[in-house]
Amino acid sequence: LSPAEVRLQAANAAEAAGFMRVRRLAGGGAEFEEALRLARERPDDAARRVDVVVTELQVGADSQGGLSVLMLIDSLWEGERWARPSYVLLTPRRDKQVEHAVRQRDRCWHVRHD
């Protein structure tokens, strides 16, 4: 199995066991932005709440799409650093600029995957 398939199996198992609820919004785009916007506007709505955003560096055809997601989170939760969802960026290689962009924000991490 590829690393991506192993991650997917782990997420599915955790969801089936009731440890978490996963919303899959592949490829970013308008649906993803709308989900984050609604999570920001309705923080008490459990169906819309987003606790953690996990994305890969490349989202669809955008090689830096994961950083675009981080910037979207920054803009939606500006000034509310403890209310914002945690963010995890999966990167295929070590990149000092990407690491710096993620490290300078609260509740954000990067993990190398292969």
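This is a predicted model: local features need pLDDT of at least 70, side-chain atom pairs count only at pLDDT 80 or more; totals for chains, interfaces and linings use all residues.
Student: What makes the span of helix 3 close to the one expected?

Tutor: Helix 3 covers residues 65–76, which is 12 residues. From first to last C-alpha it reaches 17 Å, and 16 Å is expected at 1.5 Å a residue.

Student: Which residues of helix 3 are buried, and what do they pack against?

Tutor: Gly65, Gly66, Leu67, Val69, Leu70, Leu72, Ile73 and Asp74 are the buried ones. Their packing partners are helix 2 (29–41), strand 1 (52–56), strand 2 (86–91), helix 4 (96–103) and strand 3 (108–112).

Student: What makes a set of residues a nonpolar core, and which residues have the most contacts inside the largest one here?

Tutor: The members must be buried residues of the nonpolar kinds, joined through side-chain atoms within 4.5 Å. The largest such core has 18 residues, and Leu36, Val53, Leu67, Ile73, Tyr87 and Leu89 have the most contacts inside it. Two or more residues come from each of helix 2, helix 3, strand 2 and helix 4. Helix 3 gives the most, with 5 residues.

Student: How do you know what Leu67 touches?

Tutor: Contact requires heavy atoms within 4.5 Å. Once residues up to four places away in sequence are set aside, Leu67 touches Leu57, Tyr87, Leu89, Val98, Ala101 and Val102.

Student: Why is Glu99 called buried?

Tutor: Glu99 has a relative accessible area of 8%. The cut-off for buried is under 20%, so Glu99 is buried. This residue is part of helix 4. Apart from neighbours within four places in sequence, its contacts are Arg94 and His110.

Student: Why are strand 1 and strand 3 said to stand at the edges?

Tutor: The sheet is open, with 3 strands in the order 1-2-3 and parallel pairing. Strand 1 and strand 3 each have a single partner strand, so one side of each lacks a neighbour in the sheet. On average, neighbouring strands are turned by 20° against each other, direction ignored.

Student: How do you know that strand 2 and strand 3 pair?

Tutor: Pairing needs at least two bridges. Strand 2 and strand 3 have 5 bridges in the parallel sense, so they count as a pair. Leu90 stands opposite Val111 in strand 3.

Student: Which strands does helix 4 touch where it packs on the sheet?

Tutor: Helix 4 touches strand 2 and strand 3, and its direction makes about 150° with that of strand 3.

Terms used: Residues are numbered from 1 along each chain as its sequence is written. Side-chain values use heavy atoms; hydrogens and water are left out. Helices (H or I, at least four residues) and strands (E, at least two) are DSSP runs, numbered from the N terminus. The expected span of a helix is 1.5 Å times one less than its number of residues. Buried means under 20% relative accessible area, exposed over 50%, partly exposed in between (1.4 Å probe, protein chains only). Axes are lines fitted to C-alpha atoms, for helices over the stretch in contact, and angles run from 0 to 180 degrees between N-to-C directions.
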